[in-house]
Amino acid sequence: MSRKMIVSIRKKILYIAIILFAGSYSHAQSAKPPHLEKHNDATQLIVNGKPFLVLGGELHNSSSSSMTYMQPLWQSLQQQHLNTVLAAVSWELTEPQENKFDFTLVDGILENARKYHLKVILLWFGSWKNGLSHYVPVWVKKDYKRFPRIRLQNGKSTETITALSKEAAAADAKAFAALLRHVKEVDAREQTVIMAQIENEVGVIGGTRDHSAMADEEFAKPVPAELIKWFAEI
């Protein structure tokens, strides 16, 4: 896969995140949305109009998939004198059926975080988590034609969705955008959510790259001039 295509996909998702977060707070009667400000040589995270130092604790990958499981953990986080919790939100539980979104778990995370005076960093487990596609919805897992998988050099197919899949990129971005819109609706004033991870660890487990026919075709193309220019400038 060319660097240009990867950058393009990431930029599209990133732009969605920036636009939705900026727009979500523009009409709220509160301070500016959480953002970074540079002061001389220091860069500060600003939350509710004031500098905020994250003292964070990260949950295990699937802990936040059950509010019952989470119940005793909230007090533990507070007792450790943390002010922020990093909690995963999976595509699988957010969009269990295509175009039908369920934010019950997100709302539960926000409700409990506020109760225990914690801020939240949402970790989006979309197309990938640690180079695997464990957290995609069942309807994505079952459709190998619409959402093609990475092939290893020996020809073996994997469970990991290829980063070359435009269908997967579009479906993932749509779900992530829906998540941010929901955060806009329920959290613009409180600013419980201070950050959101856009994706998690794209990679190939068991190989160095995708060897599907589609990937081989892209790999055989000349290195994009844009990429060469980018490397020359860093």
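This is a predicted model: local features need pLDDT of at least 70, side-chain atom pairs count only at pLDDT 80 or more; totals for chains, interfaces and linings use all residues.
**The whole chain**
- The protein chain has eight helices and nine strands, which are DSSP runs (helices: H or I, at least four residues; strands: E, at least two).
- It has 234 residues, and 41% of them count as buried, meaning under 20% relative accessible area with a 1.4 Å probe, protein chains only (exposed is over 50%, partly exposed in between).

**Aromatic rings**
- You'll find six aromatic pairs here; rings of Phe, Tyr and Trp (its six-membered ring) pair if their centres lie within 6.5 Å, and planes under 30 degrees apart count as stacked, over 60 as edge-to-face and the rest as tilted.
- Phe 101 and Phe 103 are stacked because their ring centres are 6.2 Å apart and their planes sit at 10 degrees.
- Trp 139 and Phe 147 pair edge-to-face, at 6.1 Å centre to centre with 65 degrees between the planes, and both residues are buried.

**Charges over rings**
- Arg 149 has its charged end over the ring of Tyr 144, 4.0 Å from the centre; for that, NZ of Lys or CZ of Arg must be within 6 Å of the ring centre and within 35 degrees of the ring normal.
- Arg 209 puts its charged end over the ring of Phe 219, 3.9 Å from the centre.

Note on methods:
Residues are numbered from 1 along each chain as its sequence is written. Side-chain values use heavy atoms; hydrogens and water are left out.
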